[in-house]
Amino acid sequence: MMEKLKELAMNPAHEILFREKTAKTTGKYFWAANIFVLLFQIYNILYTLFYTDFQLKSQASRVYMVLYGAMLLICILTAVCGWILTAGRKGKSAKLLHLYTAFGCLLLIWSACITLYDQRVSSNISVYMTTAVYIAGLLYIRPRISVPVFIFCEAILLAGILQLDLAPSRDIYGFCVNSVGLTLVALFISLYRWASLRKDFLNHLEMEEKNEMITRQSERLNYLANHDPLTGLWNRNYLSEWTDRFFSENSRRQIAVFVIDIDHFKEYNDTFGHVEGDECLKKVAGVLQELEGIHFRYGGEEFLCLLEITDETQAKHLADRLCSQIEQQKIPSSKPGRYLTVSAGYAVGTMKNDLEFRRLLHGADDALYWAKNNGRNQTARCAPR
């Protein structure tokens, strides 16, 4: 039994989620029962008044009126409290569950009292039976409350029936056996519902956590497949996806293709070592990510930038910023007293297919070589062909 309870235990965060979900589902049954019982008590009161010509001279009629009036008042009070709590935004689920539990317990105790009083003239226990099964099967009640309440109600019935001066022909033994059996069945249903609701929630939560883990793993694998592990920029695999998608749009928009290369990077590695070389690549990649366009690590110390443009001034603006932004980082170069720089070449045009993309890429590459052969730390544009 203790192992079963441990399996159904939840941490505080999960308990809050469970209460919120259970309060929503249980609330529908609460309102249905509340309205039905309220209307039923109004009917009982009116019928009793009409049956007694509004005199209530007999003790039985007065007792019934007290019982009906008490249950009517309980329905009204719990309905008002339920309306106030449900009108709140958040954080009311625990109080709502307490309210539903209190209503169910009071209704069960009331049904036991009215059933016991009915035994003076009838052996019918349908009111108690219906109420007990309804509460057990539809309301969420914790075992530490349901067990003592059901036992208490059964004690009311047994103690009361033994105290009543009933005719010898009445089957008191049968009443006791039936009421005890019904109480045990209702209690079992209540415990089963408590356990099944918690178990279903935990199973659903476990499934959600597994799905979330699968989603995270999928996103991680997708990230690794499409990003350069060192710099975090897009890699050549994603470059193929991006260009294929661009081609499929059959776009006539212009695009600027930039090929960027770190100046004297081999000397930088020889001077500072490959670990510092990796850090240098990360810093350059970080600067590129702050600029317009979509950026890729194309290979080694080369980067690629693609920028969709509406006019060529946008490409010129990015070209002007590329070299200056890197130099402003003041990354020490292999030459004392100087900072790391980059050179870039770019080409502008439309690309409807891979052939046109390769043409722009070769043009940008040619412009890059011109920039490197003519002093570096500059950007050159490929002449339109």
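Select Asp261 first: this residue stands opposite Glu302 in strand S3. The model is predicted, so local features require pLDDT of at least 70 and side-chain atom pairs count only at pLDDT 80 or more, while totals for chains, interfaces and linings use all residues. Residues are numbered from 1 along each chain as its sequence is written, and side-chain values use heavy atoms, with hydrogens and water left out.

Next, colour strand S1 (residues 254–262) and strand S3 (residues 302–309), which pair in the antiparallel sense over 8 bridges. Strands (E, at least two residues) and helices (H or I, at least four) are DSSP runs numbered from the N terminus, and two strands pair if DSSP finds at least two bridges between them.

Now display the whole sheet. Its 5 strands are open, with mixed pairing, in the order S2-S3-S1-S4-S5. Strand S2 (294–299) and strand S5 (379–381) each have a single partner strand, so one side of each lacks a neighbour in the sheet.

Finally, move to helix H2 (residues 12–51) and helix H7 (residues 172–226), whose axes come within 11 Å and cross at roughly 125°. Axes are lines fitted to C-alpha atoms, for helices over the stretch in contact, and angles run from 0 to 180 degrees between N-to-C directions.
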